Protein chains: 2
Amino acid sequence: MGQVKNILFIMCDQLRWDYLSCYGHPHLHTPHIDALAAKGVRFDRCYVQSPVCGASRMSTYTGRYVHSHGASWNFVPLKAGEMTIGDHLRPLGVQTALAGKTHMRADSAGMARLGIDPNSLIGVRISECGFDPYERDDGIHPRSGHDPYPRYNEYLREYGFGGENPWEDWANSALADDGRIVSGWYLKYANRPARVPDEHSETPYITRRAIDFIEEQNADPNGKPWVLHVSYIKPHWPYIVPDPYASMYGPEDFLAPVRSEAERENPHPVYREFMNTKVSRSFARDEVRDSVLPAYMGLIKQIDDQMGVLFKYLEDTGQMEQTMIVFTSDHGDYLGDHWLGEKDLFHEPSVRVPLIIYDPDERADATRGSANQDLVEAIDLMPTFLDVYGGVELPHIIDGRSLRPLLFGQKPADWRSYAISEYDYSFMDIGKVLEKSAIDCWLRMIFDGRYKYILSEGFRPMLFDLQDDPHELTDLGADPDYEKIRGRLHEQLFEWARRPRQRVTVPDGMINSTPIQQRISQQGVLIGFWDEDDLTEERKNWRSLMASWNPVTKDTLAALEKPTDLNSGDDS
Amino acid sequence: MGQVKNILFIMCDQLRWDYLSCYGHPHLHTPHIDALAAKGVRFDRCYVQSPVCGASRMSTYTGRYVHSHGASWNFVPLKAGEMTIGDHLRPLGVQTALAGKTHMRADSAGMARLGIDPNSLIGVRISECGFDPYERDDGIHPRSGHDPYPRYNEYLREYGFGGENPWEDWANSALADDGRIVSGWYLKYANRPARVPDEHSETPYITRRAIDFIEEQNADPNGKPWVLHVSYIKPHWPYIVPDPYASMYGPEDFLAPVRSEAERENPHPVYREFMNTKVSRSFARDEVRDSVLPAYMGLIKQIDDQMGVLFKYLEDTGQMEQTMIVFTSDHGDYLGDHWLGEKDLFHEPSVRVPLIIYDPDERADATRGSANQDLVEAIDLMPTFLDVYGGVELPHIIDGRSLRPLLFGQKPADWRSYAISEYDYSFMDIGKVLEKSAIDCWLRMIFDGRYKYILSEGFRPMLFDLQDDPHELTDLGADPDYEKIRGRLHEQLFEWARRPRQRVTVPDGMINSTPIQQRISQQGVLIGFWDEDDLTEERKNWRSLMASWNPVTKDTLAALEKPTDLNSGDDS
């Protein structure tokens, strides 16, 4: 096999881990993604650091937990200064480009305060969380202009799909039986084909944009190695897909909803309120699932076909041996499981994601086609990329760890024993219903591979035993028999919380390797020295390197050892 | 009384709380500082957020705990982007200037990455932790040029105190009995008068520079309100002071060292190593205390006299009624107590500081001359200043709380029940001796007014009961009788650690007051809506303000409620 030159970092949005055939879906066949898994490693315990787009992605792009970077929900700008994949790889001669979604909100106030022009090269990168935006498209383009007018709209126009907002009118609309155009925003119409034809819909469009980028790089004689983030908006809502995908799946292909009546009896107050949101109440209804699931599954099938297009392109152009391929998602989708819609909480359908990594390096031959059961986190991708390009480890900045040892079949002895995820629900109405101030609207999950403990500010915790209760139907958070287990996980969560990694301006490696007290003394800053003889004596213990490396400080120490004689010297 | 226009924010360096007569020192009379206390409030339980210069100051200047801002030791740059007093007050039309020390190290790497010229106005402010540097002088100027060549050296030259490094040769030197010039770095010579005369020594010099600044402001017809940080390097080492102060105090004036032989028997491993540092071993010796204490006390007496100069100037120029005066320190000095030198740990001589605030506002009349026993923290000053100038509270950024309610005699019901301090000892040789990696070299103190609990990564905690053992001579960290108390404080420390305040780009206030879900829906992003009727029905529940404020989104919603009829419309 080859050596990694480039990285294709593919992310879907809201793709559940269990809606791929390689992860066990019995009816949704995803042969192209399965083929990738057969060539690489399928990670069976990958967790995102927050089950919501923006926060999850900011963690993935920075390699840092939400409590480190602070961008805790969708509208929270990642602060100017937080380092991302692009910032870490650029000094290594690697460009980091984007085709698709990031959910990044620019820190305009921060840039203004720091005097950074948002339209400058640096300003654009800060605004795009470190990526060079080949094409940014967050995929949500309502009439009100929620996101900037996308290039995709111009593209649709070129092909004759016009109107004020072609995305809304074609990609996100369907025809009702009576010939009216109905909106893809409504769950009722999810099972109707989008008005846009497959080839012009978003997933194939983003695939082609990715290939455009790669072609341009190949054509450039000075092209640098690249990490391309191919970031699909789908199968995220609005749930709507063109034919033939719209008509592929019916109720016989569905996974049954995972929920029990017992979950609704005396639930945890925060869970109760999440069950009570509009979207959860919708997904608790069978007619909603019946309407949405065919679209959700069709969108995934379409992605799989586009993976086929992308991988074939790499094969045909001989790039497969030099391209690492990462396939993952930013979080899942409840789809009615646990009486919930959307994501936001920490049940497996929400917080666990598929992660497949194909590494062409021959050292990865040992693990090809295997399934890995180690606890991995989305923040591990950033340090994996750094590792691939030979960057030094940055444990003072990056919370995640390189997955390459796992890809090479060499699990480090000190691999993590728990995965963490956080959720800031202050942005939900739930915070107001529960009368919580913003700083108390936090849930924090710790999962040790068996027990999932969720600390909930101001309420009792939640606890699930995934060994005895793999579907997480029984909350043991108040069960007296589990007090000890809760206590252990609570303490481990504290351990984790004490490592905020904010000392980002001085590396651990420098600290660990520098005799700092000697350097201070050597510069003539003497702390606790009695007299000249004391200095002379102490210097004998210093490392020889330190005691002589700097001619300036050598003189400094010599002068300190010999008091000036006023009668013979020439002190002015 | 008057209304605050300006703030004189005076900080000493390494000044113990108990070396002022208003705090009870029986022999070191500080009448000018005492007079300030008589006009204001003396806080008896003020704690710094880290017992080391750099980290403590960065907390004080940002209003944030060390685990929030990350600048955990002296050589750690405060990261570009962290907001300081200057950044918070500038938009309110207040300038924040510096005369003296900050211990700030500029984040050069961060500025380079963000494209900020360190010599630009913004670059200078980032480099000076938000202050406009009227005069920066960190007071440590060894021959090796540890700090930039100070203006003070030019000043000394003007008055005929020459040489390669006038600070080192005059301010930091003394004469030995045999006429040789000996260095103030050595503890042995601390009891000799500095060669520089009093009027040209550092403390009076900085006082005059502060008055220069104020005079310039008064002369400027467009002068803005100001916060002036008058920041003395003294009584910090090198311990040396000119006459008459050098000869004022002898052993009969000393406070006896607070230490017991029991402390050295089976001590906590981290404490043991701190007792084992060079400076601690020095201060355990009586001859070191005998030599250093006269200088340390003389330096404080000199500061008090300079406070007299400064306060008289304000009185004489009629500025006392419009100037808030804050007097504090960045940490204390063990001076041999507990067999320790320097600071770094959490005994009262190190982590507790004097804090006196004089507020000319008439609402503060209720508390003049009183002593306050509430737990206050150095991070409370930043929000106090913000409060004075009418800024909105920023609980998503600032960990501290305004002290003004306390100054007005109105203690908030939810005032803090514990004070926190942190110490990163990875920069000390101790970390290497204990074979700890940088991320584990952390001590974290929580003090509830009686018990002081110190969590020590990888070791047992320490615990002191300041009610039964006010001198902190008995470490109860392993005493089984105190398990419950340790458990309570441990849990409170976890509570604290879960509030890292990194979501600095979106204010809590905005979140608490905005119906975010409605705004999302209103922009045409419909999550969980079944059909058009569902939207129409749901809109009735929205706040009227939200449902109509934006004409664009009004149209958006209208369009979503009425499907387009292809047969009658004119869809292109």
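A disulfide is a pair of cysteine sulfur atoms within 2.5 Å. The exercises below concern a predicted model.

**Exercise 1. Cysteines of chain A**

Determine how many disulfides the structure holds, and explain the result for Cys46(A).

*Solution.* 
Step 1. A search over all chains of the whole structure finds zero disulfides.
Step 2. For Cys46(A), the closest cysteine sulfur belongs to Cys12(A) and lies 13 Å away, which is too far for a bond.
Step 3. Cys53(A) is likewise in no disulfide, its nearest cysteine sulfur being that of Cys12(A), at 12 Å.
Step 4. The surroundings may then be examined. Cys46(A) has a relative accessible area of 1% and is buried; Cys53(A), with a relative accessible area of 1%, is buried as well.

**Exercise 2. Two helices of chain B**

Classify the crossing of α1(B) and α12(B), and describe the residues in contact.

*Solution.* 
Step 1. Two packed helices are described by the angle and the distance between their axes.
Step 2. The axes of helix α1 (residues 31-39) and helix α12 (residues 286-316) of chain B come within 7 Å and cross at roughly 55°.
Step 3. This angle makes α1(B) oblique to α12(B).
Step 4. In α1(B), the contact involves Pro31(B), His32(B), Ile33(B), Leu36(B) and Lys39(B); their partners in α12(B) include Met307(B), Gly308(B) and Phe311(B).

**Exercise 3. Strand β9(B)**

Decide whether β9(B) is enclosed or open, and name the strands that pair with it.

*Solution.* 
Step 1. Seven of the seven residues of strand β9 (residues 352-358) of chain B are buried, so β9(B) is largely enclosed by the rest of the structure.
Step 2. Arg352(B), Pro354(B), Ile356(B) and Tyr358(B) point one way, while Val353(B), Leu355(B) and Ile357(B) point the other way.
Step 3. Strand β2 (residues 41-47) of chain B is joined to β9(B) by five bridges and runs antiparallel to β9(B), with Val41(B) opposite Ile357(B).
Step 4. Strand β8 (residues 323-329) of chain B also pairs with β9(B) in the antiparallel sense, over four bridges, and Ile325(B) stands opposite Tyr358(B).

Terms used: Residues numbered from 1 in each chain as written. Chains lettered and ligands numbered in written order. Predicted model: local features only at pLDDT ≥ 70, side-chain atom pairs only at ≥ 80, totals over all residues. Heavy atoms only, no water. Buried < 20%, exposed > 50% of the residue type's maximum accessible area, 1.4 Å probe, protein only. Axes fitted to C-alpha atoms, helices over the stretch in contact; angles between N-to-C directions. Parallel < 35°, antiparallel > 145°, perpendicular 65-115°, else oblique. Contact = heavy atoms within 4.5 Å. Pairing = 2+ DSSP bridges.
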